[in-house]
Amino acid sequence: MGWVGRLFDARDSFARMLLLDLAGLGYLIFNPLGGSGPVATQWTLAVIAFSLGLLLHHRPVVNLVAQTALLAVAIRLLDDITINQVGASWALLELTMRAGSTRTIWLAAAGLAAVALTDSIGRPLPRFFSGVVGLLLEVGVPLLLGLVVRTTRELAAQAQQRAAEEQRRRESEQRAARADERSAIARELHDVVAHHVASMVLRVGVARHVLTDLDPRVGAVFDDVHGTGTAALADLRRLVAVLRDPEAVRGDAALTAIEPSALPAALGAAVDRARQAGITVEADIDPAIGAIDAVRGLAVLRLTQEALTNVAKHAGAAAVARLTVRVVEGAVHWEVVDDGPGRVPAGLPDGGGHGIAGMRERVAVLGGRLAAGPVEQPGRGWQVRTVLPAATGGVS
């Protein structure tokens, strides 16, 4: 609302009334209309109006009734009713700004207009029309100004409410994106862990049948490992059933485990799909990427797929993207840079991901931090990069 809101803030009604009283006092003292000065009756009505205005500044309806009554008395007793006219008009302004319903406003305006017209009824026609025109200043101006301030406040309140609702919506969407991404990671983690556990169970079973003349104690250990692994697989399948949506993931190869040695080929396939979409992709993939653990390998594949999807959606088919994947001292350095317009990717990428928010969540789970933003040099394009720390568990 700017200065209007500060000037007509409901909390400052006392200050406004005090300034109005000081202005009225100056009018009485200097009496710009000339003459012998205010009579005792004028001073009496003015002081009463000043006092009531200060005492009732927080009760606009009562104040308007009091000021209107004083105006009616002044019309009967005084020639110069300016002080009481201004007091009643200002009371109408305060009421218009702060009344709970518009019905109260219109009734108050009608009452003040009726009292003001009593000064013109029975007077010569020119004086009567002069009084009617005076209503525009005495009633119309404060009513119009009050409605403007009132509407401005309501619009400001609605704008704040919409902004708060939009903020809550964005926060809700971000929470949903994080939850969905964590759910996807949980499903993928199941696939990775289940793959390795199944491999171990299979190998133990093969060893148990191939090595026939084992010490019974060794055989018991093999049987125990085989049984424990089988039970672990069953538990994993039961747990993941809560997370997995069969209709959403049916036939989706992107949600299956991937052998680390197959990661370079999977990245190549993601690059080929982006090229088929019309993007020029320059790929610099370190062959050592095929030796990292399956969890980080799956994250690198997901990041690449979503980043290239964002390039296709936001940079356009004519964009050139460069994918760089390096392994340095066990840490994976990953980056995708394009030469598009440099806009922040918005919306959800194809394939069920959640754009930058989902990518950040995935990287954070692995102890990394995703950086995304416009390319500073040459001032055009968008870049997304991260470093996935070296795995400490030794599972690969």
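Which residues does M359 touch, not counting residues up to four places away in sequence? Contact here means heavy atoms within 4.5 Å, and M359 touches L303, E306, A307, N310, W334, L370 and V384.

Good morning, colleagues. This is a predicted model, in which local features need pLDDT of at least 70, side-chain atom pairs count only at pLDDT 80 or more, and totals for chains, interfaces and linings use all residues. Residues are numbered from 1 along each chain as its sequence is written, and side-chain values use heavy atoms, with hydrogens and water left out.

I begin with the interior. A nonpolar core is a set of buried Ala, Val, Leu, Ile, Met, Phe, Trp, Tyr and Cys residues joined through side-chain atoms within 4.5 Å. Buried means under 20% relative accessible area, exposed over 50%, and partly exposed in between, with a 1.4 Å probe and protein chains only. The largest core has 31 residues, and W334 and M359 touch the most other members. Helix α11 (294-315) and strand β3 (331-338) are among the elements that each supply at least two residues of it; α11 gives the most, with 8 residues. Helices (H or I, at least four residues) and strands (E, at least two) are DSSP runs, numbered from the N terminus. A second, separate core of 24 residues includes L92, L95, A108 and V139.

L92 and L95 bring us to helix α5, where both are buried. In α5, 12 of 17 residues are buried, so the helix is mostly covered. The expected span of a helix is 1.5 Å times one less than its number of residues. For α5 (residues 82-98) this gives 24 Å, and the end C-alpha atoms are 24 Å apart, which agrees.

Let us turn to charged pairs. A salt bridge is a side-chain nitrogen of Lys or Arg within 4 Å of a carboxyl oxygen of Asp or Glu; the count comes to 10. E94 counts as buried because its relative accessibility is 3%, whereas R98, at 24%, is partly exposed.

In helix α7 (residues 125-210), R169 and E166 lie 3 residues apart, about one turn of the helix. Their closest N and O atoms are 2.3 Å apart. R169 also pairs with E173, at 2.4 Å. Salt bridges that share partners join E166, R169, R170 and E173 into one network.

Finally, what of the surface? F30, in helix α2 (residues 13-30), counts as exposed because its relative accessibility is 68%.
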